[in-house]
Amino acid sequence: MRISAGHQAENRAFPCDNVRSAQLHCQAHPTMDVPIDVNEFRSFCFRGEGRANFVISAKNVKSGERIVWRLSKDKKTGHIATDSKCYAVTRFMDTFVAPFFDESFLLNSSIVLLPVDALFQLAKIPSLPMNTKIENWKDLADVARYPDSLSCLPMEKVPKDMKFVSALQMPDATQIEKVFPSYIGPTITVELKPKQGFFQHHPDVPVRFCNNCILQLEKSHSDAFDKMYDFCPIDLFSGELPKMRKAIRSLIDVPHRNLRIFSNGVVIHSDEAQLSRSDLNTALFPLNRADVNILVDSICYILAGMTDNNRDFKLQEDSILATLLETQMIDTVGIVRAYSYFNSLPLQVQKDVEKHHLDSTKGLCFLQKTDKRSRLERYLLAATMKDCSIMLSLRMVDTSYISGKDEKVFRMYKNDTEICFAFSIKVVDLDPKSPKNLLNAFKRFMKGVELIKLNPSIHKPCI
């Protein structure tokens, strides 16, 4: 189910009955507080860390399914939070996110309860070196090997009467469903942060750079990254194959925080540790059946919603890129006006927006309104879609197993050879954004604008 935002979202009418739609989605994907026995899991590893969550992966001993637990993060201390946000996140997903996406793009999730003593042990995992995998629970609890000082859950902060901490559990998006009897090579997962895919004019900001490139230039200048990259989201969302190729190749060359590549669930290429192009070829295609260039093209076609390269390239209406672009464009004001709107609201209204800016009881009716608060709330909802991640997992399949009915298979025809990839595509990191996110981003944005004004030739403009 999708809401058609369109390019003229400001003048469109949006249905107010999407709370009912969200309720139906919630019934289809129920959340239940289920106590977890960590002894039923093995092969624990760290999947990543964002501003809002730690993500830890584990494999169920009985089912063999690999899942992740998303653990709420205390933004002030950087530790695991005991006041989990997963209930609010679940309501946010059901009410504000699910109506915009085809169900196949979203991961089913449930709320589980992790015993505090077990969570204390799990909280050691983010402190371990990248790609560390702990096979047995008993090993993690061995203080000689993994001392308690590694844990990012300070027990002195845990209320004495607290026995469990809630967490979101969902399938690990670095895995791919085993549909075919055999596969060729590893499962390749590309985690991509596509960012805002359209150019937005801002008052008194006379620069020809998109939001992402302005912010990335500011980061590069502040030494957050060694150098600026050539990736521009407008190229990625363009629907033009040469531009999309350039965007993906630019991220492979300089990933920043926008790209990570996994092989069988292990990060092998990221801003923290990069492989050369030849080493990447060897790691992803050990049998030499394909290469990174074929992978880049496959990524472009799949993101565009196409299942083969035997026809004219075109961004399909139901593709993940078209869906994201449509949802992003419910923001009709942009970061500068949104900042101005927030500051123009009475202090009490500002506090109310901070506390209830996306109240699930209101549903999506604010999409129909044009007052400042409603436009601000539209900006905040769109900000979630601009900061999400796409998890695209691919695995090569022998063409003899492929039938015409296999929808989740991409066929690449190259030099009289057919190469087939089974694939799975999911959208993750759909966390709600608050006015605090807006205020912090605005400061960085304006620093980036001033940097460009002082250095007009600092980088190639986006338009």
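**View A. Packing of helix α10 against helix α13 in the predicted model.** The axes of helix α10 (residues 320–328) and helix α13 (residues 372–386) come within 8 Å and cross at roughly 155°; because angles over 145 degrees count as roughly antiparallel, α10 and α13 are described as roughly antiparallel to each other. The crossing in which α10 passes α13 is left-handed. On the α10 side the contact is made by L324, T327 and Q328, and on the α13 side by A382, M385 and K386, a set that by class has three nonpolar, two polar and one charged residues.

**View B. The largest nonpolar core and the surroundings of L236.** This core has 112 residues, and those with the most contacts inside it are F101, L236, L303, I320 and L381. Helix α9 (residues 292–303) gives the most to the core, contributing nine residues. When residues up to four places away in sequence are not counted, L236 touches L192, P194, F231, M244, A247, I248, L303 and L321. Another core, of 30 residues, lies apart from the largest one, and among its members are F54, I67, I80 and A123.

View C. Leaving aside residues up to four places away in sequence, P435 touches F342, V353, E354, H357 and L380. N108, by comparison, is 327 residues from P435 in sequence and 28 Å from P435 in space, C-alpha to C-alpha.

How values were computed
Residues are numbered from 1 along each chain as its sequence is written. This is a predicted model: local features need pLDDT of at least 70, side-chain atom pairs count only at pLDDT 80 or more; totals for chains, interfaces and linings use all residues. Side-chain values use heavy atoms; hydrogens and water are left out. Axes are lines fitted to C-alpha atoms, for helices over the stretch in contact, and angles run from 0 to 180 degrees between N-to-C directions. Helices (H or I, at least four residues) and strands (E, at least two) are DSSP runs, numbered from the N terminus. Angles under 35 degrees count as roughly parallel, over 145 as roughly antiparallel, 65 to 115 as roughly perpendicular and the rest as oblique. A crossing is left-handed if the near helix is turned anticlockwise from the far one by less than a right angle, and right-handed if clockwise. Contact means heavy atoms within 4.5 Å. Ala, Val, Leu, Ile, Met, Phe, Trp, Tyr, Cys and Pro count as nonpolar, Asp, Glu, Lys and Arg as charged, and the others, Gly among them, as polar. A nonpolar core is a set of buried Ala, Val, Leu, Ile, Met, Phe, Trp, Tyr and Cys residues joined through side-chain atoms within 4.5 Å. Buried means under 20% relative accessible area, exposed over 50%, partly exposed in between (1.4 Å probe, protein chains only).
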